[in-house]
Amino acid sequence: MENPFAEGENRVIRPPSTALVIFGATGDLTHRKLIPALYNLAFDDYLPTGFAVIGAARSKLSDEEFRANLFEAVKKYSRRTVSDELWQKFAQNIFYQPLDGTSQDDFVKLRERLADIGKQKNEEFNYLYYLATSPNFFGPIAANLKAAGLVEEFGKGVRSTSLITEKPFGHDLDSARELNAVLRQSFAEQQIYRIDHYLGKETVQNILVFRFANGIFEPLYYERPPEWADTNLWPGQNLSIPNPIPMKSMILGTMALPKLHKTPPRTPPHSNTTLGSLT
């Protein structure tokens, strides 16, 4: 058995060769968060030795156009200054595949493109699917991946295939359960990863520290749990929110944190949420 500490405590144990397919790759999440994060992982030399990113969306783009768009995004949103040399090396492993999430034919083309990239790189990739889309498309994309032969049976296939979904995951308990059932028709539970990126926000992290790591307030929470919590959001004037589900998910998530406690409250807790200037 290989000794994981053979090269010292700073050894990087790399994951196996992976092809990351981002659905909704022309959207804001990909440009602001995903690609800048991957670039910084490349900067720190934490990515797999064999690694490829395949962006998939409805827009008709070439690989070069997609890379150029992402370069501008990384320069704007990366926490580090972008190195041209590192970007060129990183961008060689970025590809783009036009795709309609509801078209089975497009998923057959995606399967063929993944196979071509694997041959080009001489790699047997594991497939990691990232759904940076509206939750309305989670089910159709998962079903079409399965129908196109892009989902292996957990623990038995020739490669690992996994699915990542972003919050919001449904708009209430019933819709979340329904969405779970739909995804599990195509993927095993062990293959599905659900992300709540609001828990990574600095403001939310501050709430967690205040709630659980404050030596003064922590005993008070256990002795006298809060009976009332206000959440006030004042985003400014003339803010239009066509889809309130992400906002609802964010508010309910942050409201829950200050109210977590081990002992039952002496009186039933209340909550009040004030939304200002939302139209």
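Modeller: A nonpolar core is a set of buried Ala, Val, Leu, Ile, Met, Phe, Trp, Tyr and Cys residues joined through side-chain atoms within 4.5 Å. Buried means under 20% relative accessible area (1.4 Å probe, protein chains only). This is a predicted model: local features need pLDDT of at least 70, side-chain atom pairs 80 or more, while totals for chains, interfaces and linings use all residues. Numbering starts from 1 along each chain, and side-chain values use heavy atoms, without hydrogens or water.

Colleague: How many residues does the largest nonpolar core have?

Modeller: Phe-23, Ile-54, Leu-110, Tyr-129 and Leu-145 have the most contacts inside this core. Its residue count is 30.

Colleague: Which elements each supply at least two residues of this core?

Modeller: Helices (DSSP H or I, at least four residues) and strands (E, at least two) are numbered from the N terminus. The chain has nine helices and eight strands. The suppliers are β1 (18–23), β2 (51–57), α4 (104–121), β4 (126–131), α5 (138–147) and α6 (173–183).

Colleague: Which residues does Leu-145 contact, leaving aside neighbours within four places in sequence?

Modeller: Contact means heavy atoms within 4.5 Å. Leu-145 is one of the residues with the most contacts inside the core. Its partners are Phe-23, Phe-107, Leu-110, Tyr-129, Leu-150, Val-151 and Phe-187.

Colleague: What share of the chain is buried?

Modeller: The chain has 279 residues. Buried ones make up 37%.

Conventions:
Buried < 20%, exposed > 50% of the residue type's maximum accessible area, 1.4 Å probe, protein only.
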